[in-house]
Amino acid sequence: MGFKPEAFCEATELHYEKSSSLFWGNYNGYPICLEYNSQRSFFTFFLCASVSDSEGFAAMLKEWERSQSGISQCRYERNLLQSVIVIPGRDSQEKALASLDALTALAHEHSMVPCCATCGNTSYYAPHMVNESLVLQLCDSCAAKTEESFSQSRAEENAVKINWGGIILGILLGAAALFALTWLLSELGVLHFLSGYIGMVIALVAMKKFGRKVTVPTAILATVICLAVAFITPRFTMAKDLAEFVRDDYAADMRADGYSITELNEYIMTIDQSLETMTDAEISEIFDCTRASLQKDRNTLYEAMILMKDYTTTKQCFVHLDDLCEMEIMQDVDVKGELIKEILWGMLSVAVGACLTIPGIIRNGKMRYRIRRMV
């Protein structure tokens with residue numbers, strides 16, 4: 001049976017902050033907080049309490065941890081007992097409850113006393129949400145000091161000006177990664193949805209690092225540029241492939257069959273003159289075909305000549321890619337359809353990547369330096 005937050009709350013009588021995936025409250029006489037990671041099926045456990053011999057208790061934890069199943073990374077510092085509770089597979093709720101019982105039993109065994117996580121005040125404390133990611137027990141004095149420190153940090157962060165040079169550098173790094181990954185996957189003959197997502201992540205992380213902070217306008221700018229790259233890259237790779245095909249395969253085969261550009265041009269001129277001056281009967285007798293089929297053959301030969309003459313480089317194919325896609329000679333392999341599919345796939349991957357990453361970055365920025373008392 002999979003883990004269900006609502007059922008877990010009923011079993012433990014803990015409160016649940018769905019937006020932050022946090023459980024908090026009193027369990028077996030101790031104030032605890034559990035940060036739930038649903039993707040990897042584990043809790044990060046926090047218990048606010050003091051112990052008489054903090055150094056000895058911290059040293060003993062590793063030995064105690066070896067005797068437990070599903071509990072790891074135990075440590076104790078600054079009145080805070082922390083550990084990771086793994087709850088994979090079936091019976092996850094029962095495993096979580098067993099681990100909570102073991103941790104709180106350990107606290108009782110060592111006579112730990114619930115207290116303020118900052119100053120250790122055991123007479124008065126209350127739960128406070130810190131940065132929307134952790135519920136800590138704080139006394140009024142420590143909560144006020146934390147709020148004052150956060151207010152100062154917010155003011156300092158708000159005063160920071162965007163480094164537009166760093167923002168542009170970050171966007172260019174993300175766009176370059178998107179271009180390179182899309183091109184590589186195209187060479188391998190694979191369409192992968194992660195290319196746009198990875199490009200957006202690299203762009204936003206680099207923007208944050210080099211541009212000091214990411215705002216909604218800069219995130220939108222990054223998205224627009226990455227969308228443009230997702231549009232251009234398939235066109236570039238398609239142009240490169242077409243140029244190589246025309247230069248190395250098609251033109252070589254035509255020349256091997258005795259059709260040079262000059263000979264094709266002369267033959268086309270002959271057909272044009274015949275179509276203009278000959279009757280249908282004469283065309284049937286000389287060319288052994290109808291006027292319509294001769295006209296079609298003439299158009300095919302003309303396109304072949306244009307390909308051999310004008311579309312042997314990536315640049316030429318890239319500039320005139322839309323004209324190339326409309327050629328009758330390209331319809332058999334559906335170049336246009338394949339190009340549209342690659343462009344839509346790439347732009348959709350960027351859009352999804354932006355939707356998945358930007359809100360989190362903006363929200364994390366807003367949640368920083370926030371403290372509120374829980375009711």
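Colleague: In this predicted model, how many residues does helix H6 have, and what distance does helix H6 reach from its first C-alpha to its last?

Modeller: The model is a predicted one, and in it helix H6 covers residues 194-211, which makes 18 residues. At 1.5 Å a residue the expected span would be 26 Å, and the helix comes close to that figure. From its first C-alpha to its last, H6 reaches 25 Å.

Colleague: Are H5 and H6 roughly parallel or roughly antiparallel to each other?

Modeller: Helix H5, residues 164-187, packs against H6 with the axes 7 Å apart and an angle of about 160° between them. Angles over 145 degrees count as roughly antiparallel, and the crossing in which H5 passes H6 is right-handed. Residues of H5 including Gly166, Gly170 and Gly174 belong to the set that meets a set in H6 including Gly196, Gly199 and Ala203. The two helices are therefore roughly antiparallel.

Colleague: Where does Thr218 lie, and is Thr218 buried or exposed?

Modeller: Thr218 lies in helix H7, residues 216-256, and, leaving aside residues up to four places away in sequence, Thr218 touches Ile162, Trp164, Ile167, Ile171 and Met207. Of these, Ile167 and Ile171 are also among the H5 residues that meet H6, while Met207 is among the H6 residues that meet H5. Because its relative accessibility is 0%, Thr218 counts as buried.

Colleague: Which residue in E9 is the bridge partner of Met129?

Modeller: Strand E8, residues 126-130, pairs with strand E9, residues 134-138, in the antiparallel sense over 5 bridges. The hairpin formed by E8 and E9 has 3 residues between the strands, and there Asn131 takes a positive phi near 55°. Within this pairing, the E9 residue that partners Met129 is Val135.

Colleague: Which residue in E10 stands opposite Met129?

Modeller: E8 is also joined by 3 bridges to strand E10, residues 371-373, and the two strands run antiparallel. On E8 itself, Met129 points the way that Pro127 does, whereas Ala126, His128 and Val130 point the other way. E8 is mostly covered, with 5 of its 5 residues buried. In E10, the residue opposite Met129 is Arg372.

Colleague: At roughly what angle do the axes of helix H1 and H3 cross?

Modeller: Helix H1, residues 5-12, has an axis that comes within 11 Å of the axis of H3, and H1 passes H3 in a right-handed crossing. Where the helices meet, Ala7, Phe8, Ala11 and Thr12 come from H1, and Gln93, Ala96, Leu97 and Leu100 from H3. The axes cross at roughly 35°.

Methods: Residues numbered from 1 in each chain as written. Predicted model: local features only at pLDDT ≥ 70, side-chain atom pairs only at ≥ 80, totals over all residues. Heavy atoms only, no water. Helix = DSSP H or I, 4+ residues; strand = E, 2+ residues; numbered from the N terminus. Expected span 1.5 Å × (residues − 1). Buried < 20%, exposed > 50% of the residue type's maximum accessible area, 1.4 Å probe, protein only. Pairing = 2+ DSSP bridges. Axes fitted to C-alpha atoms, helices over the stretch in contact; angles between N-to-C directions. Parallel < 35°, antiparallel > 145°, perpendicular 65-115°, else oblique. Left-handed = near helix turned anticlockwise from the far one by under 90°. Contact = heavy atoms within 4.5 Å.
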